[in-house]
Amino acid sequence: MFSISPFTLLDFPDRTACIVWFAGCNMRCGYCYNPEIVLGKGKLGWEPVRDFLLSRRNLLDGVVFSGGECTIHSQLIPFAREVKAMGFEVKIDTNGSRPEVLRQLLEERLVDYIALDFKSMADNYWKITRSNLFLAFEKSLEILLVSSVRFEVRTTVHAALLSHQDLDKMGIWLRDKGYTGNYFLQHFKGDKKTLGGMRECRKTDYEIESSVWRNLS
Ligand code: SF4
């Protein structure tokens, strides 16, 4: 683990929660706000995290596993089993690159909410993530679509990386896949150090028109 944020009202919908940050990621998005976590090594073992969570039983509703990319860690599933056994709800923030991990989490009922990052369509995926993981992301989406778990899809928008047309294509593709929930567009702010040194960009007209999120139903 990289670190813990002991309290958040913003990261787990309708729940009080803490965030457990996992070091490392299998993508390298230029706009990533967490370069220390993506490139860093874990500072914490599971023991202090477990002790912290035990001290928060009946005080917090949930635990968010974030990063970095938490699903690349083989310990994620055993950790999730322990956290659920302590009585917490679990949320996973993921780039969708490990569908087999999502499938196991769902089969064992170890997760209650998932935030899935939709980086771009396949043609832009390498440019944005420096990875070829679009098909893995697509598989993750398909697994979530046939599950009963609550989940959301979100895209970080930087005008230099995604055009109005790209965002239109992504929205149509999501809808054609059968997604009918909220599709969140997060404007890249450029107020923090990023992995690729990306700077502030203006909001696209599209973001302004769609006022942060679109409901695709
Ligand atoms: S923004 Fe990209 S590089 Fe950063 S944690 Fe998410 S997937 Fe990894």
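Helix 4 and helix 6 cross in a right-handed way; that term applies if the near helix is turned clockwise from the far one by less than a right angle, and left-handed if anticlockwise. Helices here are DSSP runs of H or I with at least four residues, strands are E runs of at least two, and both are numbered from the N terminus.

This is a predicted model: local features need pLDDT of at least 70, side-chain atom pairs count only at pLDDT 80 or more, and totals for chains, interfaces and linings use all residues. Residues are numbered from 1 along each chain as its sequence is written.

Back to the pair. The axes of helix 4, residues 99–107, and helix 6, residues 134–145, come within 8 Å and cross at roughly 20 degrees. The two are therefore roughly parallel to each other, a label for angles under 35 degrees. On helix 4 the contact uses P99, L102, R103 and L106, and on helix 6 A136, K139, S140 and I143; contact means C-beta atoms, placed from the backbone, within 7 Å. By class, that contact has five nonpolar, one polar and two charged residues.

Next, the ligand. Around the ligand sit C25, M27, R28, C29, C32, N34, V38, G67, G68, E69, N95 and L195, each with its C-beta atom, placed from the backbone, within 6 Å of it. This shell divides into six nonpolar, four polar and two charged residues.

Overall, the protein chain has eight helices and eight strands. Its C-alpha atoms fill a box of roughly 50 × 35 × 30 Å, taken along the principal axes.

How values were computed
Axes fitted to C-alpha atoms, helices over the stretch in contact; angles between N-to-C directions. Parallel < 35°, antiparallel > 145°, perpendicular 65-115°, else oblique. Contact = placed C-beta atoms within 7 Å. Nonpolar A, V, L, I, M, F, W, Y, C, P; charged D, E, K, R; others polar.
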